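Work through the exercises below with the sequence and the model side by side, trying each task before reading its solution.

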Amino acid sequence: MRCRGLERTLIIVKPDAVGRRLTGRILSLFEENDLRIVGVKMVRLSEEQAGEFYAVHKDKEFYDNLVSYMTSGECVPVALEGASAVARVRSLCGDTDPSKAEKGTVRASYGLSITMNSIHASDSPDTARREVGFFFPDLV
Ligand code: CMP
């Protein structure tokens, strides 16, 4: 059961990080920061699923590249729960561009490029509800 005041958010450990066997290390960082894993699975996204998940970026110049990358290997979507989870998880992930991310964040430690940036995290409570539901319909 979810305690009052706790928030849920979604991360996806992306194919570059899964492929380099970094999933455990990345998830440890969240657990060490009082975030609880309430849903986890490994998936290989279809083009249709990746396109639907990233529909908000459909008109961006990086969209095709993003969909092609996200379907290139296994991903690990994870639902996390904790106080102010959405903001705290985004801060632990760091800037979208790994070269600008703060030291100690997931993207500074492991990201390879703005596309292969190791992790996705929901950007607001509304997005988090949609994204948690996308992979874990029973959790919303
Ligand atoms: P993510 O948090 O998964 O959300 C959208 C993704 O698009 C982002 O991380 C990046 O991996 C990817 N992306 C590729 N190019 C860009 C760009 N120029 N600006 C923002 N995101 C980009």
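Two strands count as paired if DSSP finds at least two bridges between them, and strands (E, at least two residues) and helices (H or I, at least four) are DSSP runs numbered from the N terminus. The model is predicted, so local features need pLDDT of at least 70 and side-chain atom pairs count only at pLDDT 80 or more, while totals for chains, interfaces and linings use all residues. Residues are numbered from 1 along each chain as its sequence is written, and side-chain values use heavy atoms, leaving out hydrogens and water.

**Exercise 1.** Work out in which order the strands of the open sheet lie.

Solution. Begin with β1 and β3, which pair in the antiparallel sense over eight bridges, with Arg8 standing opposite Glu81 in β3. Next, four bridges join β3 (residues 76-83) to β2, again antiparallel, and here Gly39 has Ala79 as its bridge partner. Then three bridges join β1 to β4 in antiparallel fashion, with Val13 partnered by Ile119. The order is therefore β2-β3-β1-β4. The edge strands, each pairing on one side only, are β2 (36-40) and β4 (119-121).

**Exercise 2.** Find which strands helix α2 touches, and explain why β1 is largely enclosed.

Solution. Helix α2 (residues 23-32) packs on the sheet and touches β1 (6-13), β2, β3 and β4, where contact means heavy atoms within 4.5 Å. Turning to β1, six of its eight residues are buried, so the rest of the structure largely encloses this strand; buried means under 20% relative accessible area with a 1.4 Å probe, protein chains only.

Terms used. Axes are lines fitted to C-alpha atoms, for helices over the stretch in contact, and angles run from 0 to 180 degrees between N-to-C directions. Buried means under 20% relative accessible area, exposed over 50%, partly exposed in between (1.4 Å probe, protein chains only).
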